[in-house]
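Hi everyone, thanks for coming.

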Amino acid sequence: MDCTKCTFKGCRASQPCVDKSGEYLEEYLSDETQPYVKTASSLIDNGRAGTLTRLDEIIEFVKTRGYQKVGVAYCYGMENQAKLLREYLERSGLKPEMVSCTVDGLRESQIAPGKQANAVSCNPLGQAHALKAAGVDFAILMGLCLGHDILLQKHLDMDFTTFVVKDRVLNHNPLLALTGNS
C-alpha cells in the first residue's frame with residue numbers, strides 16, 4: 001500500500017479503495033480505547049484543529065484524561081529547555097517529574113560491552129525505571145537520541161507522547177529535510 005500515490009483519495013469520503021476496518025474497528029469501540037478517541041477528538045473538533053500548540057495540546061490531553069503527575073524524559077543537551085518545560089507544566093497545575101538521559105551516571109563501557117569510552121552514557125532504561133518509580137501517569141519525551149527513544153518507549157508502562165524530536169542539524173525540526181532547507 002502506498003497512499004501517497006493514490007489519486008482517488010476515496011478514503012477521505014468514506015469510499016476506501018481497501019477496507020480492512022473489520023479487523024480492528026471493534027477495538028475503537030472498546031471501553032479501553034474510547035476515552036482516548038474522545039480526548040483526541042476534543043482537541044481537533046469544532047474548528048479547534050490548528051488552534052493549540054503541541055505543548056498546549058499535551059497539557060489539555062493530560063488534564064482531560066485526569067493525569068496529575070507528568071514525567072519528562074529529556075536529553076541532557078536540552079536541559080535549559082527542560083527547565084522551561086517544567087515551569088510551564090507547573091504553571092498549568094501539573095506535577096512534573098524531570099528525568100535526564102544521564103540519570104544514574106552510567107559509563108558507555110558499562111552498557112556496551114567492548115566499548116572503551118569512559119564517557120557518561122545516555123540511559124533510556126534508567127529513565128523508564130525512574131519514571132515508573134516516581135509513579136507518573138503520563139510521560140513526555142523531549143529530544144532523545146534515535147534508538148534511545150525507542151528503548152525508552154519499549155520500557156514505559158504508562159501513556160506517553162513525544163514533544164521534541166532530536167535533530168541537531170535542523171534545530172530539532174526534521175521536516176526541514178523534506179523541503180530542502182537543510
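Leu25 has 44% relative accessibility, so it counts as partly exposed, meaning between 20% (under that is buried) and 50% (over that is exposed), with a 1.4 Å probe and protein chains only. This is a predicted model, where local features need pLDDT of at least 70, side-chain atom pairs count only at pLDDT 80 or more, and totals for chains, interfaces and linings use all residues. Residues are numbered from 1 along each chain as its sequence is written, and side-chain values use heavy atoms, with hydrogens and water left out.

Leu25 sits in helix H1, residues 25-28 (a DSSP run of H or I, at least four residues, numbered from the N terminus).

Which residues sit closest to the centre of the largest pocket? That pocket has a volume of about 300 Å³, and the closest of its 15 lining residues are Met1, Cys11, Pro16, Cys17 and Val18. A pocket here is an open set of points on a 1 Å grid over the protein atoms alone, with protein on both sides within 12 Å along at least five of seven lines; lining residues have an atom within 4 Å of a point. Volume is the space filled by probe spheres set on the points, which are joined across faces, edges and corners.

The second largest pocket comes to about 150 Å³. Its lining includes Leu141, Met142, Thr162 and Val164, and strands E3 (138-142) and E4 (159-164) each supply at least two lining residues; strands are DSSP runs of E, at least two residues.

Methods
On a 1 Å grid over the protein atoms alone, a cavity is a set of points where a 1.4 Å probe fits but cannot get out, and a pocket is an open set with protein on both sides within 12 Å along at least five of seven lines; lining residues have an atom within 4 Å of a point.
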